[in-house]
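Subject: Structure for your review

Dear colleague,

Please find below the structure that I am handing over to you. I would ask you to look through it first and then to read the findings that follow.

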Amino acid sequence: MDLSRPAKRHRRSKDGETEPSSLSPVVIFAHGAGAPSSSDWMLRWKNMLKEALQAVDVVTFDYPYMSGKKRAPPKAEKLVEFHSNIVKETATKYPGHPVVLAGKSMGSRVGCMVASLEDNNVSAVVCLGYPLKLPILQGINGAVRDETLLQLTIPTMFVQGSKDGLCPLEKLEATRKKMKAPNDLHVIDGGDHSFKIGKKHLQASNSSQDVAEEAAVQAIAAFISRSLEG
């Protein structure tokens, strides 16, 4: 079976037999704290996710604070209602399609909060550079904030750069072991918080940025496929 293809869902036929449904997932993709949905990074990953997951659509949006005069984002909790409304609108537009929430950094954290709400029927979450630690300027010694992840019960996929200061891999591994939700991790070796790999590291590994990111998106597709099958 090709795990890079989205799984077929199943439904009950009139005679009680289980038969496959070929509905593709719809992805709702949230941006990070500093750049909008129109950024080059977001557009590139939107296209990669749509192709790898064979999604019916990848919906992007901007949180309200991004409009007008640029200012710092509010606390993640204050973005949940807006994000949740996007999820409900999208689910209404694509009835029957599995809903997958994806997000970059802050957007992934808010997505996890939204996925934990009882009135949102979300099938899986994809976290691209989850900000597990507070920046040192905002928290004492960059405190770990794992409470949102520990509340999750739906399949959760992490993609993290090995050099991401906001998510040390040993801290994430400890958190993953405590999570109730089925979860998996793909590490981009040498990648920073936005998965950027330094030139020297790429040369030493005889690889490229595109190859590293393609491996990551294929790992996401395989995880989503397994999750939707279950």
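A residue counts as buried when its relative accessible area is under 20%, as exposed when that area is over 50%, and as partly exposed in between. Please note also that this is a predicted model.

With these cut-offs, glutamine 54 is partly exposed, because its relative accessible area is 34%. Glutamine 54 is found in the loop that runs between helix H1 (40–53) and strand E4 (57–61). Its backbone deserves a remark. Most residues other than glycine have a negative phi. Glutamine 54, although not a glycine, has a positive phi of about 50°.

A second residue belongs under this heading. Phenylalanine 195 is not a glycine either, and its phi is positive, near 75°. The loop between strand E8 (183–188) and helix H6 (199–205) holds phenylalanine 195. Is phenylalanine 195 buried or exposed? Its relative accessible area is 0%, so phenylalanine 195 is buried.

I turn next to a pair of helices. H1 packs with helix H7 (residues 209–229) at an angle of about 45°, and the two axes are 9 Å apart. This angle makes H1 oblique to H7. The crossing in which H1 passes H7 is right-handed. On the H1 side, the residues that meet H7 are Arg44, Trp45, Met48, Leu49, Ala52 and Leu53. On the H7 side, they are Glu213, Ala216, Val217, Gln218, Ile220, Ala221 and Ile224. Sorted by class, this contact has 10 nonpolar, one polar and two charged residues.

Helix H3 (residues 106–115) presents another case. How many residues of H3 are buried? The count is 10 of the 10, so H3 is largely enclosed by the rest of the structure. Among these buried residues are Arg109, Cys112 and Val114. The elements against which the buried residues of H3 pack are strand E3 (26–30), H2, strand E5 (99–104), strand E6 (124–128) and helix H4 (147–151).

Serine 84 is placed in helix H2 (residues 80–93). Serine 84 is buried, because its relative accessible area is 5%. Apart from neighbours within four places in sequence, serine 84 is in contact with Val114, Leu117 and Asn120.

With kind regards

Terms used
Residues numbered from 1 in each chain as written. Predicted model: local features only at pLDDT ≥ 70, side-chain atom pairs only at ≥ 80, totals over all residues. Heavy atoms only, no water. Helix = DSSP H or I, 4+ residues; strand = E, 2+ residues; numbered from the N terminus. Buried < 20%, exposed > 50% of the residue type's maximum accessible area, 1.4 Å probe, protein only. Contact = heavy atoms within 4.5 Å. Axes fitted to C-alpha atoms, helices over the stretch in contact; angles between N-to-C directions. Parallel < 35°, antiparallel > 145°, perpendicular 65-115°, else oblique. Left-handed = near helix turned anticlockwise from the far one by under 90°. Nonpolar A, V, L, I, M, F, W, Y, C, P; charged D, E, K, R; others polar.
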